[in-house]
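This briefing goes through one protein model, topic by topic. Look at the sequence and the structure before reading on.

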Amino acid sequence: MEVLRRVRARRVGVILRLAAAGLLAALVSGTAPLGAQRLAAGTLRWPVKSREHVDLWLHGFAMVSADSSLVPLYRYGYREALLVARNTASAFTDLDANAEPLRTTLASRPNLLAAQFLALQFGSWGDLDATFDLFITSDGNPRGAKDQAGALALAQFAQIFRTREERDFARKFALSLRSEREKFHHQWWVAETRRRDPALAAVDSIWQQVIRPKLQPFLNHLQQGDGQIILSTVLEAEGRTVTDGKKNNTITCGFPETRERAMDAIHCVLHELVGTITAAAVEDNVTPAEKRNGVADRYQAAALVRGGAVLATKLGADVARSYMAFYVHAIGRDSAADPAAAFVMAFPLPDGMLASIERQVAVAFGGI
């Protein structure tokens, strides 16, 4: 399951104690300003949002793919919970009918998991579905597009769905998602995100008022001064990131269920932000033989998590402590006695690789 991390290279946690600022208490009591009110003005950097088409797309993959990653690719128990919700709604869709062939193809061609990033580059389900449909009807030929933008979008699909078998997977997947959206997911998603609205407001307030201002020099150094954060009901600790210049960046992370869990999403954002740094650190500290035999790929997951902790340390000891506890919990281990010790044991990394990450984070903050 290292495909997602290789793509990235190419391109229950403890709640943060913010008593000094009084922010978390205000958020929990509901007295803090809501993120949605500020988002309407359209003036913020890195606004926090939710997007139905992103969740539907990731939902499809979560329902038909295995997950053996160190940090789970999807929210723990997501598939089981959604099966219960679908059964309660008496929903049977094309995703059920096509589940076995989709699952079989993914098992034999894990490179197709990279398609998860495609949805992050579209603004709506209509745009994504129309491009997907054109890709299928044109048999993957970018010349089937009406304009240059459409041709570029088709080319992105063609880079992932290269063979006839892979395009057949794409066709079945598209039909399955359309049916799933109509018969179950849209209604479920609207109700579920409405239930989580207080959590989105809490994440946005902590991010915009406390975390992002401290991180802005780091973001500017990475040439990622602006973008958007999408909270997804499908994810938890392992996000999805698309970087495209200084402004057009998207980070998708888990959508907490309650406002008390708001820092969970922040932890995931920190984990995602260090992707380019940790990829470079791994690249610089492995041998050609380790690249060939897969050791370098295995380091990527631990390096991302450890890099996020280095970044969290720059934000304060409480942020670092809650970050470490969150990621230890995410892989099913206990961190209650000593989060830092449990964290290092859960995510071991060579000293030279960790030192490289620490130097690069320090450079990004202007420390050295």
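Leaving aside its neighbours within four places in sequence, which residues is Trp207 in contact with? They are Arg45, Trp46, Val48, Arg212, Pro213, Leu215, Ile229, Ile266 and Val269, where contact means heavy atoms within 4.5 Å. The model is predicted: local features need pLDDT of at least 70, side-chain atom pairs count only at pLDDT 80 or more, and totals for chains, interfaces and linings use all residues. Residues are numbered from 1 along each chain as its sequence is written, and side-chain values use heavy atoms, with hydrogens and water left out.

**Overall make-up**
- The protein has 17 helices and four strands; these are DSSP runs, helices (H or I) of at least four residues and strands (E) of at least two, numbered from the N terminus.
- Of its 368 residues, 53% are buried, meaning under 20% relative accessible area with a 1.4 Å probe, protein chains only.

**Nonpolar cores**
- A nonpolar core is a set of buried Ala, Val, Leu, Ile, Met, Phe, Trp, Tyr and Cys residues joined through side-chain atoms within 4.5 Å.
- The largest has 63 residues, and Trp207, Leu215, Tyr323, Tyr327, Phe343 and Phe347 have the most contacts inside it.
- Helix H10 (residues 197-221) gives the largest share of this core, eleven residues.
- Another core, of 48 residues, lies apart from it and includes Met63, Leu112, Leu154 and Trp188.

**Helices H4 and H9**
- The axes (lines fitted to C-alpha atoms over the stretch in contact, with angles from 0 to 180 degrees between N-to-C directions) of H4 (residues 52-64) and H9 (residues 164-195) come within 9 Å and cross at roughly 120°.
- Residues making the contact include Trp57 and Phe61 of H4 and Phe173 and Trp189 of H9.

Note on methods:
Buried means under 20% relative accessible area, exposed over 50%, partly exposed in between (1.4 Å probe, protein chains only).
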